[in-house]
Amino acid sequence: MTTGAQTPLSPARPRRSRLRTFLPLGVAAWLVLEIWLLTLVAGATSGLVVFLVLLAGLVLGSVVIKRAGRRAFRKLSEALQQQQSGVMPDAARPGSEGNGLMMLGGLLLMIPGLVSDAVGLLLLLPPVQKAVSRSAERTFERKLREARPGTLGGAFQQARMRQPDGKVVQGEVIRDEPGDAPQPPRPPLTH
């Protein structure tokens, strides 16, 4: 039975991003490759060798993550001590890359598999860390330049703006809407 009313057309579904389409396929292919390589190595040698390789990756990865975490904590402590003594901490020392890539390398070493171990070992090499860091920074900067106002990228763009003298001015944004009654002056902001 129909009432004569037209059925509403469903709105067009937004197009899926490439990342959402191919990421699950990539993860599945990576898992299949890891399992295949482990069975290949186990068939060529023995199960004990595969177990020892996986155990060595786990131990080495945990040592790398622990070392990178201690180094990051030491840098944070030094920066806080410099700031408390009135000296501005060094923003970025030349040749001093972050610990994020070292931690990622350690995490990849801890994940069972030969491909993840190889990539994790590559990320521990300083030239590879510098190249990946520069590439990620360029990509991030490009994405920020392409960001439209009102997006998360726009918020990052606003947060990155600095005054030449480095001072921060506290303030409050007051938006007067048409038709609103005038408001009395507000008290000044305090710390």
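This passage describes the fold, the surface and the annotated segments of one protein chain.

The model is predicted, so local features need pLDDT of at least 70 and side-chain atom pairs count only at pLDDT 80 or more, while totals for chains, interfaces and linings use all residues. Residues are numbered from 1 along each chain as its sequence is written, and side-chain values use heavy atoms, with hydrogens and water left out.

The secondary structure of the protein chain consists of 6 helices and 0 strands, in the order α-α-α-α-α-α from the N terminus; helices (H or I, at least four residues) and strands (E, at least two) are DSSP runs, numbered from the N terminus. Among contacts with a separation of 6 or more, 50% join residues 24 or more positions apart, a contact being heavy atoms within 4.5 Å.

Of the 191 residues, 12% are buried (under 20% relative accessible area; exposed is over 50%, partly exposed in between; 1.4 Å probe, protein chains only). The chain exposes about 16,200 Å², of which carbon and sulfur atoms supply 64% (Shrake-Rupley method, 1.4 Å probe; for residues, only the protein chains shown count as cover).

Turning to the annotation, an unreviewed UniProt entry lists residues 21-42, 48-65 and 101-125 as "transmembrane region"; such annotations may be inferred rather than shown by experiment. Residues 48-65 are 100% helix and 0% strand, with end C-alpha atoms 26 Å apart. Residues 101-125 are 80% helix and 0% strand, and their end C-alpha atoms lie 10 Å apart.

Leu48 sits in helix H2 (residues 47-84) and is exposed, with a relative accessible area of 55%.
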